[in-house]
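Colleague: I am new to this structure and would like a close look at one part of it. Please take the nonpolar core and the chain around it, and go through them in order.

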Amino acid sequence: MTTPGTAKSVHTFTPKSYNGASFWKAAWRSITRKTSRIIGFAIIVLFTLMAIFGPYLYSSHLPINTNAIYAPISWKYPLGTDFEGTSNLALIITGARYVLLAAALGALFTVIFGTVLGLIAGYFVGWSDSIIMRITDFFLTIPSFPLLVVLSTVWNFGHPLAMGFILGITSWGGMARAVRSQTLSLRERGFVEAARGLGLSPFHILFREILPNVSSYIGMNLLTSITGCIYAEVGLFFLGVVPFHVNNWGVMLNMAVFSAGAMSSPDALPYLLSPLLALLLLTLGIVLFLDAVDEMFNPRLREDV
Amino acid sequence: MKNFLIRLVWRIFSGILMVLVIASLTFFLIRLMPGDPVSAQYNQLIMQGMTPVQAENQVKVMYGFIPDEPVGEQFVNYIWGLLHFDFGQSISYEGIGVSHIILNAAPWTLILVFTGLIASFLVGVLAGVISAIKRSSPTGTILTVSGSLLHGVPQFVMGLLLAYLFTTLWPILPFGAPYDSSINPGFNGPFISSLISHAVLPVVTYALSSYGGWLLTMKSSVITVLGDDFILASEIRGLKSSTIIGYIARNAILPLFTLFTLSIGFMFGGSVFIENIFDYPGLGNLLLKSIDTRDYPLMSGAFLLITIAVIAANIITDFLYTFVDPRIRR
């Protein structure tokens, strides 16, 4: 492959290290390569902004308008209103913070637990491996959603961190197993043996030599576990097993279906459809963006144009 | 054969150990609960005019242990009861054994999920083979996209959308309840047809939300097999393409077989959302209701059954695989 592009990159490939700036530049290039990825990225940015700034756009108690209960879609209420006459759009925007923050934390915990335990199990084979894998098997076997439902009786899910922690605890098993199997094959490779021969510490080998090689898998998983976490937490609120501390999409769904009777009264329909729409849009964004993340972290897929 | 038996015994032993760990987890969970439901129940019975001895016996029957005993002793009693399949008594359904309630709820879940599972498996696998073989044509692309989209939509969103579409917007199917309450339950035509028409939406919801997973897994499995040498060899020998597809399918289905038997284990707890939306009286609904009414013996019983099913399916899968795939047997 001697396209001008590769020739140029070979030319500039002097001992210069793979620093932060060039990573972001490469990442940006893989995002802008396809329209679908740009759309996905835009949707994710939109929701992230919503989560960060959304609650500041409205007063802490959203205005109630008794004259506009279940108002139809209009300029004033772009997504209609709920049973108190509060704008559904405002509910979606202010509800995004809890949902996204808890999901991001949940995915982060999943990835951290899974990666650290997987690396340790795969690198230090032997008793630590068998103990960690027993525990992993145990967590993989327990059906995680029923477990979440049962845990909701004792655990206070009011804070996103608490929700994220439990979501992480229940879902790291698959990640740990996959990272372990990759580490098992990597530890036999030449560069790891060389590092061991140089007398580098296991800590260095694990996190500086092996970790970058599993990073593409981790990056993909971070995104897919965010969607998993969103479904699980919104689902918990939808089922109504978790007390409603804050407004969020799951609470909206629950109220719409079980209190407002949105299934049978067409007036309440926008109240039901707006959180569904938000969920579907976010899913679409993540699915479209996933493809770019794969390329970002996996240098073998990077086609230099 | 001897190795096989040793492995079997070991797996069953570790399975039982796992069940016991989960049972202790729910046991201590109930003890940890704010307000200690066990003592609360005891005090409530005393308030109702029972003597302490009566109240203690009643609580013991309900939870399988006595509140005043040291925790260690309670725990031993509880586990001892479990080993005799004694899950205690329900609080909300007064005086009825937990195992009885659970066994009544299980068939609803099983019929619902099993039908959905079979339907999605057959259609998904077939679509997966087609999308892999025709992966560069529009048919393949459309199938794959349909799979990824349906795979991405969460079960409760799918359920709500389907329920809205077919019960309100275009009311051709009934909503909620497992059958029409005006019809006498029994083995008669109207009852069975009402049973079926009420089951259509839940089953379709389950089938649609698991279809994508089967399609995508089968597709990638077929593509892996397509690269194998024996496929090239059979093409060179000029075998009929239908024969080759038969070879491909037989090899590609193996990983899916494992997933399928594992799904059977996850059936018991896999339809919490669907049962909730369509008000189906299965295990998932039972679990939610028991939490709602603070019926903790029922809750731990339902959760235990859901987990035991998964553990059993894991063990069975492991051993069936050795029969299905001769390459493993060595």
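Modeller: Read along the sequence, chain B follows the pattern α-α-α-α-α-α-α-α-α-α-α-α-α. That is 13 helices, with 0 strands. Please keep in mind that this is a predicted model.

Start with the extent of the chain. The C-alpha trace of chain B spans about 85 × 60 × 40 Å along its principal axes. The domain assignment divides chain B into domain 1, residues 37-86, and domain 2, residues 98-328. Taken over C-alpha atoms, the centres of domain 1 of chain B and domain 2 of chain B are 40 Å apart.

Next, the packing. Chain B has 330 residues, and 36% of them are buried.

Now the core itself. The largest nonpolar core holds 147 residues, and Leu287(B) and Ala302(B) are those with the most contacts inside it. The element that gives the most to this core is helix H4 of chain A, residues 88-123, with 18 residues.

For the close look, take Ala302(B). Leaving out residues up to four places away in sequence, Ala302(B) touches Leu283(B), Leu286(B), Leu287(B) and Ser290(B), and also Ile102(B). One of these partners, Leu287(B), is the other residue named with Ala302(B) for the most contacts inside the core.

Technical notes:
Residues are numbered from 1 along each chain as its sequence is written. Chains are lettered from A and ligands numbered from 1 in the order in which they are written. This is a predicted model: local features need pLDDT of at least 70, side-chain atom pairs count only at pLDDT 80 or more; totals for chains, interfaces and linings use all residues. A nonpolar core is a set of buried Ala, Val, Leu, Ile, Met, Phe, Trp, Tyr and Cys residues joined through C-beta atoms within 7 Å. A residue is buried if 20 or more other C-beta atoms lie within 10 Å of its own, exposed if 12 or fewer, and partly exposed in between; C-beta atoms are placed from the backbone. Helices (H or I, at least four residues) and strands (E, at least two) are DSSP runs, numbered from the N terminus. Two residues are in contact if their C-beta atoms, placed from the backbone, lie within 7 Å. Domain bounds come from an automatic or database domain assignment.
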